[in-house]
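Okay, thanks for coming, everyone. Let me put the model up on the screen, and then I'll walk you through the metals, the ligand and the packing.

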Amino acid sequence: MSNYLDIEQQVAIAAVRRACTLTTAVFNNLVKGETLVKSDKSPVTVADFSAQAVINTILTSAFPTDPIVGEEDAADLRENSELRSRVVGLANDALGRELGLGEIAEWGLGRIRTEQELLDAIDRGRYEGGRKGRMWTLDPIDGTKGFLRGEQYAVCLALLVDARVELGVIGCPNLPQDVSNPSGPRGCIFVAVRGQGALQYTLSGGSPVPLKMPKLHLSELNLLESVESAHAALGVNERVAQILGITRAPTRMDSQAKYGALARGDGGVYLRLPTGVGYREKIWDHAPGALLIEEAGGIISDGHGEPLDFGLGRTLGENFGVVATGKGVHSQILKAVRQAQEEAKK
Ligand SMILES: Nc1ncnc2c1ncn2[C@@H]1O[C@H](COP(=O)(O)O)[C@@H](OP(=O)(O)O)[C@H]1O
Ligand SMILES: [Mg+2]
Ligand SMILES: [Mg+2]
Ligand SMILES: [Mg+2]
């Protein structure tokens with residue numbers, strides 16, 4: 001008998017690997033005009049579009065009936081022929097390479113797709129989400145701002161069944177494989193399967209390393225937080241650290257690379273509290289990271305201690321931020337969050 005979600009795991013890792021190769025290549029050749037500003041003022045690049053095209057194409061070929069909740073859609077590309085042909089070229093380059101580690105010819109790799117097929121593949125990510133059945137969440141580049149700065153970003157894919165995350169894969173092309181050697185080799189893939197633990201692979205292959213979050217005392221913790229002050233209330237984080245007596249400086253890092261760092265013990269708490277502008281967190285920004293933390297032995301909730309609900313649609317609804325950390329310190333951190341929040345209201 002095969003292991004739970006063996007095939008899904010193999011497909012998801014292969015798809016994320018291909019997308020990571022693509023995004024790395026694009027970064028090295030990104031030119032002016034290849035970044036657009038979306039209606040919410042956030043950036044999107046040809047790399048985001050083509051990575052979504054590649055992953056959706058592979059997923060649809062392996063699991064034709066599975067719906068996908070993906071961050072991007074093809075509307076901007078349908079209006080812009082220059083951008084469209086660049087995205088089509090990049091996606092076909094990525095899909096056309098010969099079979100790699102663990103890849104199977106039946107996934108349809110190697111075949112050149114038409115423009116129409118690739119735009120439709122991107123738009124397969126428009127599923128509205130919900131509580132029943134299987135669905136994938138995809139963030140082709142999480143941390144687009146980090147990507148553009150040449151810093152951290154992540155290619156993030158998760159499989160949910162009845163709104164529960166069962167498989168999570170996070171590819172981090174720029175993340176050092178070993179935090180104690182920051183100038184050493186980079187490129188990690190984090191994989192979690194419910195009930196089967198959390199693993200780190202290197203992007204280049206090789207045997208995975210199991211991840212287990214260390215038991216930390218409050219005094220040893222440091223916060224993992226966003227680089228962008230628009231994404232999280234960094235001032236409140238500072239106060240939470242002060243209340244808890246945390247003296248170590250926070251680690252600021254874009255994207256779900258933060259969840260990978262937390263799972264392997266490079267930091268003690270992922271803390272993301274709302275900035276008060278009414279933003280709703282997106283399910284693709286947290287689904288794979290949430291399972292990674294649980295499978296590495298940690299706990300994840302919102303800032304009130306409520307579980308994250310991935311069954312409400314494309315967003316986490318009215319949720320209050322995210323707190324992920326070790327089981328031993330979670331309740332103390334929530335208490336400090338409550339105190340900092342109350343002080344901020346005064
Ligand atoms: N006001 C806001 N509050 C919280 N998150 C926000 C936000 N505006 C954008 N984001 C999300 O923050 C993500 C990046 O998170 P981080 O700050 O941890 O790197 C973005 O993902 P993308 O880069 O995929 O668009 C985007 O979805
Ligand atoms: Mg975005
Ligand atoms: Mg994102
Ligand atoms: Mg994104």
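**Metals, ligand and core**

So, the donors of the magnesium ion (ligand 4) follow the spacing E-x67-D-x1-I along the chain. Before I go on, the housekeeping: this is a predicted model, where local features need pLDDT of at least 70, side-chain atom pairs count only at pLDDT 80 or more, and totals for chains, interfaces and linings use all residues. Residues are numbered from 1 along each chain as its sequence is written, chains are lettered from A and ligands numbered from 1 in the order in which they are written, and side-chain values use heavy atoms, with hydrogens and water left out.

Back to the magnesium ion (ligand 4). Which residues coordinate it? They are Glu71 through OE, Asp139 through OD and Ile141 through O, at 2.0 to 2.2 Å. A donor here is an N, O or S atom within 2.8 Å of the metal (3.2 Å for Na, K and Ca), and water is not among the atoms, so sites may look incomplete. Glu71 sits in the loop between strand E3 (68-70) and helix H3 (75-79), while Asp139 belongs to strand E4 (residues 134-142), so to speak 68 residues apart, and the pair links distant parts of the chain. Helices (H or I, at least four residues) and strands (E, at least two) are DSSP runs, numbered from the N terminus.

Glu71 also coordinates the magnesium ion (ligand 2), which is 3.6 Å from the magnesium ion (ligand 4). Is Glu71 buried, partly exposed or exposed? Glu71 counts as partly exposed, at 22% relative accessibility, whereas Asp139 is buried, at 0%. Buried means under 20% relative accessible area, exposed means over 50%, and partly exposed is in between, using a 1.4 Å probe and protein chains only.

Now the magnesium ion (ligand 3). Its protein donors are Asp139 (OD), Asp142 (OD) and Asp285 (OD), lying 2.0 to 2.2 Å from it, with the spacing D-x2-D-x142-D along the chain. From this ion to the magnesium ion (ligand 2) it's 5.2 Å. Asp142 is in strand E4 and Asp285 is in the loop between strand E12 (269-272) and helix H9 (287-295), so this pair ties together parts that are 143 residues apart in sequence. Both Asp142 and Asp285 are buried.

Those two names come up again with ligand 1. There are 16 residues around it, and the ones that come nearest are Ser226, His231, Ser255, Lys258 and Asp285; being around it takes a heavy atom within 4 Å. A polar side-chain atom of Asp142 is 3.2 Å from an oxygen atom of ligand 1. For Ser255, a polar backbone atom is 2.6 Å from an oxygen atom of the ligand. With Tyr279, a polar side-chain atom lies 3.2 Å from a nitrogen atom of ligand 1. How much of ligand 1 does the protein bury? Taken alone ligand 1 exposes 570 Å², and the protein buries 89% of that; areas come from the Shrake-Rupley method with a 1.4 Å probe, and for residues only the protein chains shown count as cover.

Ser255 is in the loop between strand E11 (251-252) and helix H8 (257-263), and is buried, at 9% relative accessible area. Lys41 also has a positive phi of about 75° without being a glycine. Lys41, though, counts as exposed, at 70% relative accessibility, in the loop between strand E1 (35-37) and strand E2 (43-45).

Last stop, the packing. The largest nonpolar core has 52 residues, and Leu59 and Trp136 are among those with the most contacts inside it. By nonpolar core I mean buried Ala, Val, Leu, Ile, Met, Phe, Trp, Tyr and Cys residues joined through side-chain atoms within 4.5 Å. Helix H1 (6-29) and strand E6 (164-176) are among the elements giving two or more residues, and H1 provides the largest share, 10 residues. Leaving out residues up to four places away in sequence, Leu59 touches Val11, Pro64, Ile68, Trp136 and Leu157, where touching means heavy atoms within 4.5 Å. There's also a second, separate core of 38 residues, including Met253 and Phe310.

Conventions: A polar contact is a pair of N or O atoms within 3.5 Å; within protein, one must be able to donate a hydrogen and the other to accept it, and residues adjacent in sequence count only if both atoms are side-chain atoms.
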